[in-house]
Amino acid sequence: MHRALLVLICLGIALLPGCAIHRSVTRAAAEKRNREKEARAAAEEWLNLIDKTDYASAYAAEPPRLRAATTEEQFVRSMQSRRQPFGRIFSRNFIGAAYTRKLTSAPDGNYESILFKTSFENKKLAAERVILSRESNGWKVVDYRVY
């Protein structure tokens, strides 16, 4: 009886680190889902401005460091040449997200790349990539590409 109790105690002690690892992995997965959800919502909100051709509001939503590098007029011209040729949006479906701390030509930070499969009036099958940076006041778009 004492031997069985000793074996159970030893098993319990041996399994404790596994429980801690499981909690850590579970917490990390929950944090990842939450980060992706927040970034995706910010990306979709920004894309809605682009879809409505409200480029001035989209520009105002960018981080100050990007607005310091370009004027609103330059941003509007850029969006008109990049996005308007595709025409009206028909559908947009989330494909996935990827997190990184480094981007080319950008300071180290917290970045989330969100990818969408999109159908436009003039391009039935396209992809949109929105890269966001975690700023003090939430996720802000720092790059947009449509392919």
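1. In this predicted model, buried residues account for 29% of the 147 residues in the protein chain. The accessible surface of the protein chain amounts to about 9,500 Å², and carbon and sulfur atoms contribute 58% of that area.

2. As to the overall layout, the protein chain contains four helices and four strands, and, read from the N terminus, the order of these elements is α-α-α-α-β-β-β-β. When contacts in the protein chain between residues at least 6 apart in sequence are considered, 48% of them join residues at least 24 apart.

3. The largest nonpolar core comprises 23 residues, and those with the most contacts inside it are W46, F75, M79, V130, L132 and Y144. Two or more residues of this core come from each of helix 1 (2–51), helix 2 (55–60), helix 4, strand 2 (111–120), strand 3 and strand 4, while helix 1 gives the largest share, seven residues. In soluble globular proteins, nonpolar side chains tend to be buried together.

4. V130, listed among the core residues with the most contacts inside the core, deserves a separate look. Once residues up to four places away in sequence are set aside, V130 touches A43, L47, E112, S113, I114, F116, V141, D143 and Y144.

5. The largest pocket has a volume of about 390 Å³, and, of the 22 residues lining it, L66, V142, D143, Y144 and R145 are the closest to its centre. At least two lining residues are supplied by each of helix 3 (64–67), helix 4 (72–82), strand 3 (126–135) and strand 4 (138–146), with strand 4 providing the largest share, five residues. By residue type, the lining of the largest pocket divides into twelve nonpolar, four polar and six charged residues.

6. Leaving aside neighbours within four places in sequence, L115 is in contact with N93, F94, I95, G96, A127, E128 and R129. L115 and R40 lie 75 residues apart in sequence, yet their C-alpha atoms are 9.1 Å apart in space.

How values were computed
Residues are numbered from 1 along each chain as its sequence is written. This is a predicted model: local features need pLDDT of at least 70, side-chain atom pairs count only at pLDDT 80 or more; totals for chains, interfaces and linings use all residues. Side-chain values use heavy atoms; hydrogens and water are left out. On a 1 Å grid over the protein atoms alone, a cavity is a set of points where a 1.4 Å probe fits but cannot get out, and a pocket is an open set with protein on both sides within 12 Å along at least five of seven lines; lining residues have an atom within 4 Å of a point. Grid points are joined across faces, edges and corners, and a volume is the space filled by probe spheres set on the points. Ala, Val, Leu, Ile, Met, Phe, Trp, Tyr, Cys and Pro count as nonpolar, Asp, Glu, Lys and Arg as charged, and the others, Gly among them, as polar. A nonpolar core is a set of buried Ala, Val, Leu, Ile, Met, Phe, Trp, Tyr and Cys residues joined through side-chain atoms within 4.5 Å. Buried means under 20% relative accessible area, exposed over 50%, partly exposed in between (1.4 Å probe, protein chains only). Contact means heavy atoms within 4.5 Å. Accessible areas come from the Shrake-Rupley method with a 1.4 Å probe; for residues, only the protein chains shown count as cover.
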